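Keep the sequence and the structure open while reading.

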Amino acid sequence: MTDEYGLKEVFETELNMLKTIDAVCRKHEIVYTLEAGTLIGAVREKGFIPWDDDADIIMTRENWEKFKTVAVRELPEGMQFQLPYEMAKDGRFYDFIGRVVYLPSRRHAPNEKSEFFNEKINHLWIDIFVMDNIPDSGAGAFIASSGQKLLYALSLGHRKTAYINSSTGKKILLLPFTMVGKLIPLTALCKWKDRWSAKDRKKNTSRVYVSNYPPEWFDLKLDRDWIKEVRYMQFEDTELPVPCGYHEILTAGYGDYMKRPDIKDRKVSHETETQKSQT
């Protein structure tokens, strides 16, 4: 396990979390795979990308619903399953991603941003992405992804402007939506989000999309054949599941994923200060 970027302690904790989640999913026959940078890490690095300080997994809507029912009782002490609703109750919008967090850890010393989110984003975590059916027709797919973008824009009304990760021009364009979004309870927006994401669950579509991704990814569609089978691949000192079509998925999302970025672009994604984590 590399310590090239001072993240060995983080990787050790996250690997233990991944192993725990894998054991829970195997026990309850919940199908999931590695996702995003963690999937690239498995394929290209046989483990973590040396500068990527979080971990990601993904599952279908059906498996997500099963995971939600067992995670609370199956996760060991210190690991907590968090849903966006929990932050919504505080009136704070971070994102729509469910995650497993390691409570005895801290990414960095408390600051204004982490305090705004009641320190709930200041832990090591595993992001859990969800795949939903998307209509095969161009019009249906456009409506589905546009609805996701609208709900995200409205929800940004519950985030400080300084914490909206967009250029000044985009923030100005978002202003009408955030102003309206402030008037809508965030808990209601979360419920609308879930209903919209699952609206095509009973349709027999040939494609899926990741309904709780950041908005710039909502237009990425994945062929169902790419996820129809799962196999285990080496990841650090264990094996973890990857989709059969990992090459097609990663190519669609990242292009030449086997090529490492330039050194200047290899930055720790969440600014984790490893000396602050408590494991």
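A residue is called buried when its relative accessible area is under 20%, exposed when it is over 50%, and partly exposed in between, with a 1.4 Å probe and protein chains only. Helices (H or I, at least four residues) and strands (E, at least two) are DSSP runs, numbered from the N terminus. The model is predicted: local features need pLDDT of at least 70, side-chain atom pairs count only at pLDDT 80 or more, and totals for chains, interfaces and linings use all residues. Residues are numbered from 1 along each chain as its sequence is written, and side-chain values use heavy atoms, with hydrogens and water left out.

The predictor's confidence in each residue, pLDDT, runs from 0 to 100. The protein chain has an average pLDDT of 91, and 96% of the residues score at least 70. Over residues 274-279 the pLDDT is below 50, although this stretch has 20 contacts in the model beyond near neighbours in sequence. Contact here means heavy atoms within 4.5 Å.

Which strands pair with β5? Pairing requires that DSSP find at least two bridges between two strands. Strand β2 (residues 55-60) pairs with β5 in the parallel sense over six bridges, and M59 has V130 of β5 as its bridge partner. Strand β4 (residues 98-102) runs antiparallel to β5 and is joined to it by five bridges. β6 is also antiparallel to β5, with four bridges between them; there, D132 has Y209 of β6 as its bridge partner.

R99 shows the β4 side of this arrangement in detail. R99 is in strand β4, and its bridge partner in β5 is D127. The side chains of R99 and D127 are also joined by a polar contact of 2.8 Å. A polar contact is a pair of N or O atoms within 3.5 Å; within protein, one must be able to donate a hydrogen and the other to accept it, and residues adjacent in sequence count only if both atoms are side-chain atoms. With a relative accessibility of 6%, R99 counts as buried. Leaving out residues up to four places away in sequence, R99 touches Q80, F81, Q82, Y94, W125, I126, D127 and I128.

The next topic is the nonpolar packing. A nonpolar core is a set of buried Ala, Val, Leu, Ile, Met, Phe, Trp, Tyr and Cys residues joined through side-chain atoms within 4.5 Å. The largest such core has 42 residues, and those with the most contacts inside it are L18, L34, I57, F67 and V100. Helix α1 (residues 8-27) gives the most to this core, with eight residues. A second, separate core of 15 residues includes F96, L154, I184 and L189. Not counting residues up to four places away in sequence, I57 touches residues that include L18, I21, L34, I126, I128 and F129.

Two helices can be checked for length. The expected span of a helix is 1.5 Å times one less than its number of residues. The 20 residues of α1 should therefore span 28 Å, and the end C-alpha atoms are 29 Å apart, which agrees. The buried residues of α1 include F11, L15, L18 and D22. An α-helix has 3.6 residues a turn, so residues three or four places apart point the same way. Helix α6 (residues 138-155) has 18 residues and reaches 26 Å from its first C-alpha to its last, close to the 26 Å expected. Among the buried residues of α6 are G140, A144, Q148, L151 and L154.

The last topic is backbone angles. Most residues other than glycine have a negative phi. E29, which follows α1, has a positive phi near 55°. K46, in the loop between α2 (36-45) and β2, has a positive phi near 60°. With a relative accessible area of 41%, K46 is partly exposed. E236 lies in the loop between β8 (230-235) and β9 (238-243) and has a positive phi near 55°. The relative accessible area of E236 is 18%, so E236 is buried.
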